[in-house]
Every structure is written in C-alpha cells, then in structure tokens.
Amino acid sequence: MPVIALQPGYTGEVADAEANFHGNRLLYIGWEDHLMFCSPVCLPLPAAMPFGALVSDVLPGVYGSHPDFARIDWSQVEWRDSGKPFTPNQALSLADNGLVHKSFIQLRTPGLAGIAGSGS
Amino acid sequence: MNQNNNTASSARRLGIKEKYALMTRSLGWDTTYQSMDDVFPFDQFEGIKIHDWDKWEDPFRLTMDAYWKFQGEKEKKLYAIIDAFAQNNGQFNITDARYVNTLKLFLTGVSPLEYAAHRGYAMAGRSLRGVGARIASQMQSIDELRHAQTQVHTISHYNKYFNGLHDFHHMHDRLWYLSVPKSYFDDAMTAGPFEFITAISFSFEYVLTNLLFMPFMSGAAYNGDMATVTFGFSAQSDESRHMTLGLEVVKFMLEQDPDNLPIIQKWVDKWFWRGYRLLTLVGMMMDYMLPKRVMSWAEAWEMYFEKNGGALFEDLARYGVKVPKYADVAKLEKEHITHQAWGIFYNYTQAAGIHTWIPNDEEMDWLAAKYPNTFNQYYRPRLEHLREQEKAGKRWVNNSLPMLCQICQIPMAFTEMDNPTKIAARESTYHGMKFHFCSDGCKDVFDGEPEKFQQAWLPVHQIYQGNCFREGTDPTQPGFDPLAEVLAWYHLDTSADTGEYNTSPDRANWERWTGRSHLPAGESPAAPAKAA
C-alpha cells in the first residue's frame, strides 16, 4: 500500500542502505534463553568475515560475561536465520552462508537455560 | 445586533452564547481572492471527507478572552508555589534521590513532547478549514507551550542539586531511548492534520492520557515532590479540555461521511499500539523507579484501559469503531513489559541519562506480589544474579548495541506471550531490504506505509553510520573510543549522569545532605562514590 502523501509517487530516502555502513553490513544476533542480555544485538561486520571467526572472535566479546557462555558445546548449537533452521558452514564467509545486510540469526544452546534455568 | 457597540460604555454585556458565536465562529470567512482549496491544501489528501464544518460542536465553548483569564490565574498560583518550594528546600522532602530519575525521564522524554504538541496543534489549526476546530487547536497549541514551559521551570530547581537534568532538549533529539517518544511524535506530525489529531487528541490524550499523567503526578505526590504535583494540577483542567477535543474530533469525522470509518479505524489501531509501546517507559517508571509506589503497571492498565477504555469503545461501537487491534496482546503483556524495559536500561546504564539499580529485597517482594505469575519465575533470578555481580565489584553492563524495532525504536526485548523466554520478532522485506519489528502491531504500522518508516532514524544504525559524533571527530584515529564519543555528542557526563545509582554522585550527595539511604539497614550493595 502506498504512502499517504501530498505528492503522488513520493518515496523517501532509505536510511539504512548497506552502502551507508562503511564497508560493513549489519548482522543481528540473539542468544535464546539468555535474556539477561535484554535483546538481540546489532553488529556491523564485513561480509567476508568467516562464520567461524564470528563464533571464535566476536561472540566471546558479546556474550562472554554470562556464566553459561564458557559451558557452550559448540557442536550442539542450533542456529536459526529469520526463525528458520540454518546450518552455517564455519569456513565460509557470512555472505556465502547466505547472510545479507540486516539478517537476524539466533543461537540455541541445548542444556543451557540461563541463570537458575529462568531463561535469563 | 451592532458589533461596534462592543467597546462603548453603553454596551450591554453579551450572553455566553452570543459571545461564543462572535469570538469563535464569526472569526472565520470563506476566501474569495484564492480558492479555499488553495488556502487549505492539507485537509483532503488523507481521504477524510468533511461536508459541513458547522456541525463541529465545541463542548467547552471557551472564548479566547476567558481562556487568557483562566490561564493567567493558574500561572500565578503555580509560580507562587514553585517559589515557596525552592525557598523551603523542597527537594529534600522527596523519598530519596532515586526518585529524581523519574524527573529526568519526564523532562527529557515528555516535556519536549509538550513542545512538539504545541507545534503540531499550531500546524493542525492552520490546516483545518473549519473555524471551530481551528480555535480548539489554537487553544491547545498555547496550552502545550505553557505545559512545556511550566515543566521546565519546575524541574529546573532540581537541576541545581542533581545530575542529568542539564540539557534536556539536546538529549531529546539524540539519545537512543529518547528516540522512542521523539519518533512517536514525529510520525504524527509528518502525517496529515486529521491523522495528527486522531493520534494525539484521541488515541493519546483521550484513550491513554491517564496512564501517562496519573503515574507521574500521583508518583510525585507519593514521593514528596510537591513542585511536580503543582504543575500537574495546573495542567489538569487543560487536559480535560484536550480529552474532550479528542473525542469530539473522532465523532465529528465519523458523522460526516461513512467512508471515513475505515481510515479512522486504521489510525485508532496504529496509534493505540504506538501509544501503548511508548507507555512502556511509564510503566517501568511505576514499577521500578518510584521509591514509594502508587500502583503497579498491570493494575493501572486494568483500571485505565481495560475498564475505562472498554466503556469508551462500547460507546463508539454505534459508529462502527472497534476496540483497537492487539488490545488483547497488550492485556497479556502487562505482566512482563515493565520488567523487560527495566532490563534494557540496566543493560545500557552506561549510555543512559538516568541511573539504574537493582530493587532492594522489600521492593522485589512488592513486585512478586503484584506480578505473581511472572516476577519470581522469569525476572527475579536475573536481578539477584546481577546484584551478586554488583556486590562482587563487577557491576554488569551489556557492551554490544541492541537490535531495535523499526517502528517503536525500543530494543527488541519483548517476548512471545505463549513463551515468555522467547524474544518476539517479526520481519518484513521492502524493496529487497529486511526490516525487523518487536510485535505484530509495529509490523502492521510499517506494512501500512513502508516508504515512510524506511526513513526512520534508528539510533543504533546512526551510530554505526558515524552520524553520532561531535563535529570534527575523526573515527579513524588510533585509540578512537566510539562509545565515549557518542556520549560526548549526547552531552552526557560519564562521571555524573550515567551508570549505576549506588555508585553515583547523586546518591553520595543525597546521603551526605540528608543522612537518609534508600536501602534497609544492613543491606549495602556497594559504597557510594565520592560526592561531587
């Protein structure tokens, strides 16, 4: 449905086009059942970054302060992309794993349900 | 009747009805040099059809001369009380310095909306061709300016004693959580005049205003802040006029043409949801920030929306207007959203202009009693864990920026009501780009006008685009600290305005001045910082 505007055919500028992020693209990441982190996070990352580097180099800085983080068995982690099951290839880049600008991925860590099992 | 007799000594006094007719409706005229459509170019493009503006009823029949007289009297009383408050050091009569954070939220989040409403009603008044509606808009525009001024004047006294109150308008335009109220009003003001007036006069002032006004004003009264109570009283008679305008405008549009109904229903749905999301911040204030609590958010929602709002929509049913879409979701969420919102501010306390803290044991017990289905199960464990961290000298913060909802701009912290530990996320794709939302309500708003909302100024994205640094900042310099630069651009002083309450100068000063602590004897999470 078109915008209700005085001028026919009006379209505004897209505020968050990928080109505005200085060579990065936005990736949203959420860790299920760990809502001590109030919401998923938003990170600007190079599209060429290997998925394995996201796990080994980026996530510890984001989630390492949670007591469950050190207990994660990474071979068991379940990933989702926009809510659908997703099996990332650790060696391939974010882009080659099909992640685009503003993709939203979530990880579930079986057996870990947050502070005192409360989903925190 | 001879109008020229008005000023002569022999003039008889006009009856209220005559005076009203002369000083409102008779002030308008149909233009002849230019067409009315050219003079009023903004009141048709939204699709609302008005056939007879004379059918507009003014429930208050207030004329400008009477308006000035009433407002002038209220001003005199208000400023006398503010003076007395200052001279008697009224700031020391509040419960404790945590309370002042509600004033910080109010001054940076709400007072600028009063000013925005002043502008919005001035524009609406200019845009509507019916003279009755224009005069009502004009009065409301002046009211809103007065509210902004009296709030700033009242709260400025606190600025002499507490941190974070120094630059409210600068912050309103920049801070990440203040984009929530700002974008709400910007959305209304960039719509047409009929949507603006439905959004603000009806959905906000009529349907939801009690949930904004009551918590702040009763909260002030309960917590010893007589200055804020006084501006509340001074604004109250205006608010009832605004509420009546809100109802009148919706009924008028509905009676003018049956084609208006679907347009109005869409706006009622949209602005209910947007207003409800905005009120999350108020609910958080009620449940977590008032040292002495008035009632819980859930209780307020039941009383002011489910009961009173229910009666209103029963009344409007004869026009075909339905209860706003997703009112059922709001009902389910009432036991969760305030805990989730306080979580957001606790996570990002290092970047907020209000202090945050973990409720003490007594306060947690109150929350457990008010939220028997949710607090102990979902929220208490994380608060207790965070308190342990704080006691161990490791006050926890989230050091990654949050994912925001494209519409309400609140971090995506709300959860699914059939599974409260799962984040609720909705998505749309528009022109090949993904957009994310916290709820079906926010997704519907986007899908209705994607061209508009793809332009949203989302604080997190703007930071990453490099638009939130002071002029002349070079982000490529070695050792560049983006968070510090963003906070400098916000005009937040990290040694005083941001962070944990327990280690803040506000707490240290308060205890030094009054000898009173907010903690029960024996409970001490952390030593206060040095007084500043």
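**Helix 13 of chain B**

I began with helix 13 (residues 297-316) of chain B, which has a kink of about 30° centred on Gly309(B). The bend at a residue is the angle between axes fitted to the seven residues ending there and the seven starting there. Helices here are DSSP runs of H or I with at least four residues, strands are runs of E with at least two, and both are numbered from the N terminus.

A note on the source: this is a predicted model, where local features need pLDDT of at least 70, side-chain atom pairs count only at pLDDT 80 or more, and totals for chains, interfaces and linings use all residues. Residues are numbered from 1 along each chain as its sequence is written, and chains are lettered from A and ligands numbered from 1 in the order in which they are written.

Next I looked up which residues of helix 13 of chain B are buried: Trp297(B), Ala298(B), Ala300(B), Trp301(B), Tyr304(B), Phe305(B) and Gly309(B). Buried means 20 or more other C-beta atoms within 10 Å of the residue's own, exposed means 12 or fewer, and partly exposed is in between, with C-beta atoms placed from the backbone. Their cover includes helix 9 (193-208), helix 10 (210-222), helix 12, helix 15 and helix 16 (361-370) of chain B.

**Cores**

I then went to the largest nonpolar core, which has 153 residues. Such a core is a set of buried Ala, Val, Leu, Ile, Met, Phe, Trp, Tyr and Cys residues joined through C-beta atoms within 7 Å. Leu281(B), Cys405(B), Cys438(B) and Cys442(B) have the most contacts inside this core. Helix 12 (residues 260-289) of chain B gives the most to this core, with 16 residues.

What does Cys442(B) touch, leaving aside its neighbours within four places in sequence? I found Trp273(B), Cys405(B), Ile407(B), Cys408(B) and Phe437(B). A contact needs C-beta atoms, placed from the backbone, within 7 Å.

**Gln71(B)**

I found Gln71(B) in helix 3 (residues 64-87) of chain B. Gln71(B) is partly exposed, because 17 other C-beta atoms lie within 10 Å. Its C-alpha atom is separated by 8.7 Å from that of Ser234(B), 163 residues apart along the chain.

**Helix 21 of chain B**

Just after helix 21 of chain B, His491(B) has a positive phi of about 65°.

**Where the chains meet**

I looked up the interface: 42 residues of chain B are in contact with 40 residues of chain A. Helix 17 of chain B supplies the largest share of the side of chain B that touches chain A, 5 residues.

**Chain A**

Last, I turned to chain A, with its 1 helix and 5 strands, in the order β-β-α-β-β-β from the N terminus. The radius of gyration of chain A is 17 Å, well over the 14 Å that the globule rule gives for 120 residues, so chain A is more spread out than a compact globule. That radius is taken over C-alpha atoms, and the rule is 2.2 Å times the number of residues to the power 0.38. Of the 120 residues of chain A, 33% count as buried.

Key
Contact = placed C-beta atoms within 7 Å.
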